[in-house]
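Please open the model in a viewer and keep the sequence alongside.

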Amino acid sequence: MAGPLPARDGTPLPGAYVGAGLMGHGLPYAPILGLLLSELIATGRPQTLPIAPFDPMRYVGAAHPPTWLGP
């Protein structure tokens with residue numbers, strides 16, 4: 001995930017951004033993610049690459065029940 005951190009109602013929280021989910025083989029992408037987030041914070045949109053596919057807003061309203069509660 002990368003972008004403005006949304007509240008439960010889907011509105012962005014002022015001044016809150018998230019850049020997460022880089023583990024293992026994704027860790028080398030941390031510098032470009034940092035660059036894109038800095039561009040987003042400074043100018044309102046990333047300049048180098050689009051980050052729309054990683055927008056945290058896609059999780060707003062989604063309910064994912066825990067898998068361990070099933071039979």
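Begin with the largest pocket, which holds about 180 Å³ of space. A pocket here is an open set of points on a 1 Å grid over the protein atoms alone, where a 1.4 Å probe fits, with protein on both sides within 12 Å along at least five of seven lines; its volume is the space filled by probe spheres set on the points, which are joined across faces, edges and corners. The model is predicted: local features need pLDDT of at least 70 and side-chain atom pairs pLDDT 80 or more, while totals for chains, interfaces and linings use all residues. Residues are numbered from 1 along each chain as its sequence is written, and side-chain values use heavy atoms, without hydrogens and water.

Select A2, L22, Y29, L33 and F54: of the 13 lining residues (an atom within 4 Å of a point), these lie nearest the pocket centre. The lining comprises 12 nonpolar residues, 1 polar and no charged; Ala, Val, Leu, Ile, Met, Phe, Trp, Tyr, Cys and Pro count as nonpolar, Asp, Glu, Lys and Arg as charged, and the others, Gly among them, as polar. Helix α1 (residues 30–43) supplies the largest share of this lining, 3 residues.

Colour L33, L36, L37, E39 and L40, which are buried (under 20% relative accessible area, 1.4 Å probe, protein chains only; exposed is over 50%). Viewed down the axis of α1, the buried residues fall within an arc of 155°, taken from the directions from the axis to the C-beta atoms, so they line one face of the helix. The face turned away carries exposed P31, A42 and T43.

Now show β1 (2–6) and β2 (12–19), which are among what covers the buried residues of α1. Finally, move to G44, which follows α1 and has a positive phi, near 95°.

Notes. Helix = DSSP H or I, 4+ residues; strand = E, 2+ residues; numbered from the N terminus. Contact = heavy atoms within 4.5 Å.
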